[in-house]
Amino acid sequence: MAKRPLTVRVARWSAARPWSAIGLWLVFVALCVGLGGAAGTNGISDAESGVGGSGRAALIAESARFPVKAEENVLITAVRGGPLDARASRDAAADVARRMKALPEVESVGRQVRSQDRTAVLVPVVMKGDTETADRRVVPLLAQSKAVQDAHPGLRVEQVGTGSTAKGLGDTLGEDFKRAEFISLPLTLLIMLAVFGAVIAAGVPVLLALSSVGAAIGLSALVSHLLPATGVINNVILLMGMAVGVDYSLFYLKREREERRRGRADAIEIAAETSGHTVVVSGGTVIVAMAGLYLAQEATFTSLASGSIIVVAVAVLASLTVLPALLAKLGPRVDRPRVPFLWRLTMRTREPRLWPALLRPALNHPALTLAVSAGALLLLTVPALDMRLKQPGSDDLSRDIPVIRAMDRLTAAFPSEGTTHQVAVRAPAENADQVRTSLAGLARRTAADPLFAHDRRPEIRTSADRRVHLVDIATPHSPKSDGARRSLGTLRTWLPQALAGVPGAEYGVGGKVADGVDFTDHLERRLPWVVGFVLLLTLVMMGAVFRSVAVAVSATVLNLLSAGAAFGLLVLVFQHTWAEGILDFTSSGAVVSWLPLFLFVVLFGLSMDYHVFVVSRIREAAATGLPTREAVREGITRSAGVVTSAAIVMVAVFSIFGTLSMVEFKQLGVGLAAAILIDAVVIRVFVLPALMALLGSWNWWPHPPARPAAGSGAGAGNGAEAVLAHPRAGVAYEGERR
């Protein structure tokens, strides 16, 4: 007797020892969460995330080990704007200084500074302790600023700084994510109820997905000590984990239920051999696609790749191990308690009418349908050619956040507190005086140029070993403006000229503007490598699974088409202003720079999931001897329930991220949801069936599906078993009539 696949052997062990499998899973999750929490997350530093000239500047600055203090600024302005009353503002500033000096969290209070236009007064405050925990220690300072505001009602008193800004944003974003979680979990459960018609069956995929996310976050924290993590990694893990975790359990559970309904005592093993294989191939596809991000050679993408790979691997592990144990322990009780109307809908066995009707244009008029549908997607792709990229910054944050409004008033009155370029120079210690003279000359040169701010004289800082020199040069322009980019270009032209006579000097210009410009340039250089890797992967994997040149090439082209249409939609929504009121954002006229590359890789992985599943069903039907068009109709119709359910879950989870305040999450959610919708509807209903109908028998060249041998027990009534009996017929994937 042939050795059964690994997925079956694992499922058999779990089903025979359900409590052991469940207990081991709980221990695994607890260990991941506990060890990850104890180790903490090692975030990416500025030096580690930098590329190009800004990355070089960050490395030079870090090598000097300058002490970094948490700084706060108390801003005093008139409530209605305009010039301040000198005496009232002076008294308020003195009150601020007196109150702040009395706090144990404060190290020093600077003298009050009046703006050049006499509309604002600034009181600088330096906190004790490190900058990382400033947001947790800034509350007493905020309370004193509020007390000053209460004591001087004719003035506006606000606080902006390291801790207060982090706290203000953290509070707002924390509420965002709480709201998203509050919506996403019930919504996912409702979708699962509609799919299964039973409460326990609906809850199992959601609980497994949540446990996978928790374990993955813990593992990601451990991995961050080898590969530092980006600040959004936990959110990406939640996004990916809920989407694939629910889908993988859905595939497995629906197949087990289908076989159990047929009276099969070995329903779990059949589900493991078919759906389990689906999960392994799908998870492996996403993992290998995400590995393409490592080719970007940038710390943020390395972190995103690692987090995504971890959560997908954990979700696959959950589906293959603990899910069979749960199904064995629950048995028929998994379909309890039943929701009467929904239960009857999910148990229908008659031939569906919706999908054959939707497929009729593609199968009856394939050339016209292909031309119209593919043409529409190409038309939607056109705006992507005008895609502009930029790093997100304070300009992209909602002005409904109080600390952001205060920051706007601060930078308007004191431009030097806003957009700043950091010039970093490292040279032999014996040349320190020459470097300082050169940098002083550079500062004087900027003082005569309107591209730079003039409200404060730049200060040159020198390290203890006299090797590193830093000077911050501000610009009055916002980070996303052309003026800010021109000021950066000007500095990068002037700096080599200023240091031309200094032997052994290394230098760079950093800061938020430089980071964004260099990051975007770096991505443009690395993009062909990542795209090439993913496209080659698609060709190789599809060719290996189906042993067909046509299927491999068509899968690659169709995935490109759906990704391009999603990018076009992203540009139409976020580079223009028409959707600002709908999605509650302010357009910056650009797409977040890291998003297209990340989206491209994720979409190719997820699109391959659906594509392999649907084409496998079509090949199963073709293996029974059906003509191509009938096989296409049969395969897509049989897979419709599972694919539609999985797509609805993904679109729902991704769409919720479009409600968050940060523009990068809005763009990520909208982009993913749009791409899945396009892939699951337009590609599956129109483009794919029309293309396969036109290709006919060439779809399977050079290895057509093998016909089942007589007496093998694999007939048209069970296409999955036909595939298992004849490996050439493709890989077995589950389906569900709807």
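**On the model**

I note that this is a predicted model, in which local features need pLDDT of at least 70, side-chain atom pairs count only at pLDDT 80 or more, and totals for chains, interfaces and linings use all residues. Residues are numbered from 1 along each chain as its sequence is written, and side-chain values use heavy atoms, with hydrogens and water left out.

**Entry on Arg 426**

I located Arg 426 in strand E7 (residues 420–426). Helices (H or I, at least four residues) and strands (E, at least two) are DSSP runs, numbered from the N terminus. I then listed the residues in contact with Arg 426, leaving aside its neighbours within four places in sequence: Leu 59, Ile 60, Ser 63, Arg 467, Val 468, Gly 504, Ala 505 and Glu 506. Contact means heavy atoms within 4.5 Å. With Ser 63, the side chain of Arg 426 also makes a polar contact of 3.0 Å. A polar contact is a pair of N or O atoms within 3.5 Å; within protein, one must be able to donate a hydrogen and the other to accept it, and residues adjacent in sequence count only if both atoms are side-chain atoms.

**Entry on salt bridges**

How many salt bridges does the structure hold? I recorded 21. The term stands for a side-chain nitrogen of Lys or Arg within 4 Å of a carboxyl oxygen of Asp or Glu.

I examined Asp 171 and Lys 167, whose side chains meet in a salt bridge of 2.8 Å, N to O. Both residues lie in helix H8 (residues 162–196), four residues apart, which is about one turn of the helix. Asp 171 is partly exposed at 42% relative accessible area, and Lys 167 is partly exposed at 24%.

I turned next to Arg 461 and Asp 472, which form a salt bridge of 4.0 Å, N to O. Arg 461 belongs to strand E8 (residues 460–462) and Asp 472 to strand E9 (residues 468–474), so the pair ties together parts that are eleven residues apart in sequence. Arg 461 is partly exposed, with a relative accessible area of 29%, and Asp 472 is partly exposed, with 34%.

I then followed Arg 260 and Asp 335, joined by a salt bridge of 3.1 Å, N to O. This pair links distant parts of the chain, 75 residues apart: Arg 260 is in helix H10 (residues 233–261), and Asp 335 is in the loop between helix H13 (322–330) and helix H14 (340–346). Arg 260 is partly exposed at 22%, whereas Asp 335 is buried at 5%.

**Entry on rings**

I searched the whole structure and noted eight aromatic pairs. Rings of Phe, Tyr and Trp (its six-membered ring) pair if their centres lie within 6.5 Å; planes under 30 degrees apart count as stacked, over 60 as edge-to-face and the rest as tilted.

One of the pairs is Phe 301 with Phe 519, which is stacked, at 6.0 Å centre to centre and 5 degrees between the planes. Phe 301 lies in helix H12 (residues 299–320) and Phe 519 in helix H20 (residues 512–546), so the pair ties together parts that are 218 residues apart in sequence. Phe 301 is buried at 0% relative accessibility, and Phe 519 is buried at 5%.

**Entry on the backbone**

Pro 337 lies in the loop between H13 and H14.

I noted a positive phi, near 65 degrees, at Arg 466, a residue other than glycine. Arg 466 is placed in the loop between E8 and E9 and is partly exposed at 37%.

Terms used
Buried means under 20% relative accessible area, exposed over 50%, partly exposed in between (1.4 Å probe, protein chains only).
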